[in-house]
Amino acid sequence: MSLDFIFNDEEDIDDFPVIKFDDEYYMRMALRQAEIAESNGEVPIGAVAVKEGRIIARAYNQVEMLKDATAHAEILAITQAEAAIENWRLEGVTIYVTKEPCAMCAGAMVNCRVDRVVFGLPDPRSGGAGGALDITGFPGMLHQVEVTGGVLEAESREIIQRFFKNVRESRKNEK
């Protein structure tokens, strides 16, 4: 079957943009969630969960809004993903998150058997996916999570730095 009926003589299929659903694409979706967190006064971390190329969950930090120290973007995305597939086992799921998961979030990913985590900004001080600790790859665990870091790192770093700069400035102005 020819695609000639879609294009006229002056158009070419190469003139149309190709949407590539790769790690950067999904990380941009996580960055959108981080922007929502920032606009709500939350630490700007966003996450999306993807299974078979489809986003099944999206979340951002809501610690302050919910008054809940566990309301990290990753935890909220995991809960949504479990509900979406009606299973606590997230086999075949990749979590995209703008900053390396902390120990709590990395442990949750191991416990619910996430296949892979992709993060933007590494956290050498308290990251749980190879930064300070390697919870996701610890050999004694029942499951290891594949880790890819540094995807859209500059964009992830910029939003975090902007947020904390604004926090410092507003505290300075209060004095």
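Predicted model: local features only at pLDDT ≥ 70, side-chain atom pairs only at ≥ 80, totals over all residues.
Local features require pLDDT of at least 70 and side-chain atom pairs count only at pLDDT 80 or more, whereas totals for chains, interfaces and linings use all residues. Residues are numbered from 1 along each chain as its sequence is written, and side-chain values use heavy atoms, with hydrogens and water left out.

**View A. Salt bridge between Arg28 and Glu24.** A salt bridge is defined as a side-chain nitrogen of Lys or Arg within 4 Å of a carboxyl oxygen of Asp or Glu; by this rule the count is 9 salt bridges. For Arg28 and Glu24, the N to O distance is 4.0 Å. These residues are 4 apart in helix α1 (residues 23–39), or about one helical turn; helices are DSSP runs of H or I with at least four residues, numbered from the N terminus. Arg28 is partly exposed at 39% relative accessibility, and Glu24 is partly exposed at 40%. The term partly exposed lies between buried (under 20% relative accessible area) and exposed (over 50%), with a 1.4 Å probe and protein chains only.

**View B. Salt bridge between Arg157 and Glu153.** The N to O distance is 2.5 Å. Both residues belong to helix α5 (residues 153–174), 4 residues apart, about one turn of the helix. Arg157 has a relative accessible area of 33% and Glu153 one of 26%.

**View C. Salt bridge between Glu169 and Lys165.** The closest N and O atoms are 4.0 Å apart. Glu169 and Lys165 are separated by 4 residues in helix α5, about one helical turn. Glu169 is partly exposed at 37%, as is Lys165 at 46%.

**View D. Network of salt bridges.** Asp23, Arg116 and Glu146 are linked in this network.

Note on methods
Helix = DSSP H or I, 4+ residues; strand = E, 2+ residues; numbered from the N terminus.
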